[in-house]
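Open the model in your viewer and keep the selection tool handy. We will go stop by stop.

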Amino acid sequence: MRSKLVAGNWKMHGSLSGNQGLLQAVRDGVKGNAAVAVCVPYPYLAQARAVLEGGSVAWGAQDVSEHAQGAFTGEVSGAMLVDFGCRYVLVGHSERRSFYGDTDAVVAAKFTAALKAGLTPVLCVGESLAEREAGTTGEVVTRQIDAVLSSSGVAAFSSAVVAYEPVWAIGTGRTASPAQAQEVHALIRQRFARDSAEVASGLQILYGGSVKPGNAKELFGQPDIDGGLIGGASLVAEDFLAICAAA
Ligand code: PEP
């Protein structure tokens, strides 16, 4: 049996004063067996560490540079994230892919850099609404995964997590049905199984896209859904904790 993971993605939200209560409530309120993490904006990593250190909730970032160091103004390296105690980092979130030019090749390079630094990358994949309507979901998701597999190899995924996030479900209130999500999760696992049955069976594949307390249990009950990547609902302690409890 794979263990479950619930990771919050705060996106570009928060303030030093507002975060304090949210982080403390998550630290104090987390129950159950699922691992829990919050991926916060860079300036709040020190605060996340100060509040969460010594507890059961891990923290991480939402992006990482593909470079180890150097003249890359504005970028943040994996080693810097490790300096702040990060365990996880998102790579290839659809907002990075669509607004900031993170191509499959860039995502693959960021994935490698994260692993090299000792972080657990959470590789985000997912199709747009147009791609789903065109019937190309499997093709798109496989292409996004193959880009990383061909540069890092399947063994890298024994230290990584995959998040399936249909773009049409992120922040829209429109969730993939448990059956729709399960279908893609199974396809993702089969793709990994082609390269390694062992890696595939141990791989945590999270679902993300408008997960709420009311739909989490059914989604997380699907055989290939190993938890969630939670955007909007991770900003409300009560909702996030209810989702963690559902896992
Ligand atoms: C996300 O930001 O990765 C996400 C899934 O957002 P939401 O839960 O708000 O749809």
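Predicted model: local features only at pLDDT ≥ 70, side-chain atom pairs only at ≥ 80, totals over all residues.

Residues are numbered from 1 along each chain as its sequence is written, and side-chain values use heavy atoms, without hydrogens and water.

**Stop 1: the barrel.** Show the cartoon. Eight strands form a closed barrel, in the order β1-β2-β3-β4-β5-β6-β7-β8, with parallel pairing. Strands are DSSP runs of E, at least two residues, and helices are runs of H or I, at least four, numbered from the N terminus. Strands pair if DSSP finds at least two bridges between them.

**Stop 2: β3 and β4.** Select residues 57–61 and 88–91. These are β3 and β4, paired in parallel over two bridges. Pick Ala61: its bridge partner in β4 is Val89.

**Stop 3: helix α5.** Select 104–117. This helix packs on the sheet and touches β4 and β5 (120–125). Contact means heavy atoms within 4.5 Å.

**Stop 4: the ligand.** Which residues come nearest to the ligand? Of the 14 around it, they are Lys11, His93, Glu165, Gly171 and Ser210. Around means a heavy atom within 4 Å.

Now check the polar contacts (N or O atom pairs within 3.5 Å). In each, the ligand supplies an oxygen atom:

- His93: polar side-chain atom, 2.8 Å.
- Glu165: polar side-chain atom, 2.7 Å.
- Gly171: polar backbone atom, 2.6 Å.

Methods:
Polar contact = N/O pair within 3.5 Å; in protein donor to acceptor, adjacent residues only side chain to side chain. Axes fitted to C-alpha atoms, helices over the stretch in contact; angles between N-to-C directions.
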